[in-house]
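Open the model in your viewer and keep the selection panel handy.

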Amino acid sequence: MAGVVGRRGSASLIDFKFGAVDTQTIEDALLHLAQENERAVREARGQAGSFRETRIVEFVFLLSEQWCLEKSVSYQAVEILERFMVKQAESICNQPVTVVRGNEKAESWNWRAQKEELCNMFVLRLVSCVQLASKLSFHYKIVSNVTVLNFLQALGYLYTKEELLESELAILKSLNFQINLPTPLAYVEMLLEVLGYNGCLVSAKQLHGTCLTLLDLVYLLHEPIYESLLRASTTPMEQGRKYVSVKEDFMLLAVGIIAASAFIQNQEWWGQVVEHLHSITGIATESIAEFSHAILTHGVGASTPIRQQPGLHHLAARPLRAAATCNM
């Protein structure tokens, strides 16, 4: 797969190619993604997804476009920032409270100071996450320190190169240098690749552009889309357990994106695409229908032909059998 920089720095789809990789490599890659997804769903914690807020995502997307970065960098930056901020917030909240004499409130001044510092440095951390993500995209230019410092200065933030490097290092250390993790885009593109090899008549390249648009949409409307899935659950306790794992299930997100894209392009394709996605991932067709319905309802006001009720009981953490059921 390859892309070129188009006008205004967005990644052009003209040279994006599917079908150029051998089947064994694709099967291995799909299995790896499935295992990574299972781990992420299993380890999902209560604060997961808290920093995929619309304004934050929009900031990252616009900044990536201004700096002529490909789409994968935008998603990678959002995920790096999300993981870093959740970890920082949990670290602060888990600190023991210290009772201050002479004060009626039990209050930790260290806690307040760290919280204030985290808020004050948020823009710097966000920009550092975009810069780190750009360094993972080896076939695109890396955002230089000068570019970052000039941008921050234009916003009224005066930082030095040393402070910028310290910010990157703080993020890397906090995440144990594990920042090159799969994004939802990786799952979407891998499933599109497998669809082509498995004989799906829908063109992967034709679906790809629509998938990118819908993936942007899901990131920007993250809360309302996932809350609509939450409301389909049965009990508050069940909602709480499953909501967190569903938000971190990128394989589920990918099949929903692809199914919704197929419906937009040609409703006659929808059923075939859903069946192929079910065969590849093992995700229930009802789950795929429910997710694609949520995306279409919030995105374009349309609805898939079949909407199963209730749907969220199918969306809980489940073993993926992606490689085992792949027909390649």
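Select Glu36 and Arg39 to start: they form a salt bridge (a side-chain nitrogen of Lys or Arg within 4 Å of a carboxyl oxygen of Asp or Glu), with the closest N and O atoms 2.9 Å apart. Both sit in helix H1 (residues 23-43), three residues apart, about one turn of the helix. Helices here are DSSP runs of H or I with at least four residues, numbered from the N terminus.

This is a predicted model, where local features need pLDDT of at least 70 and side-chain atom pairs count only at pLDDT 80 or more, while totals for chains, interfaces and linings use all residues. Residues are numbered from 1 along each chain as its sequence is written, and side-chain values use heavy atoms, leaving out hydrogens and water.

Next, pick Asp216 and Lys71, a salt bridge with its closest N and O atoms 2.8 Å apart. The pair links distant parts of the chain, 145 residues apart: Asp216 is in helix H9 and Lys71 in helix H3. Asp216 has a relative accessible area of 18%, so it counts as buried (under 20%; exposed is over 50%, partly exposed in between; 1.4 Å probe, protein chains only).

Now show all of H9, residues 204-220. Of its 17 residues, 12 are buried, among them Leu207, His208 and Tyr219. What covers these buried residues includes helices H2 (54-66), H3 (71-93) and H14 (285-299).

Last stop: select Arg52, Glu79, Arg83 and Glu248, which are linked in a network of salt bridges. A search of the whole structure finds eight salt bridges.

Conventions:
Helices (H or I, at least four residues) and strands (E, at least two) are DSSP runs, numbered from the N terminus. The expected span of a helix is 1.5 Å times one less than its number of residues. Contact means heavy atoms within 4.5 Å.
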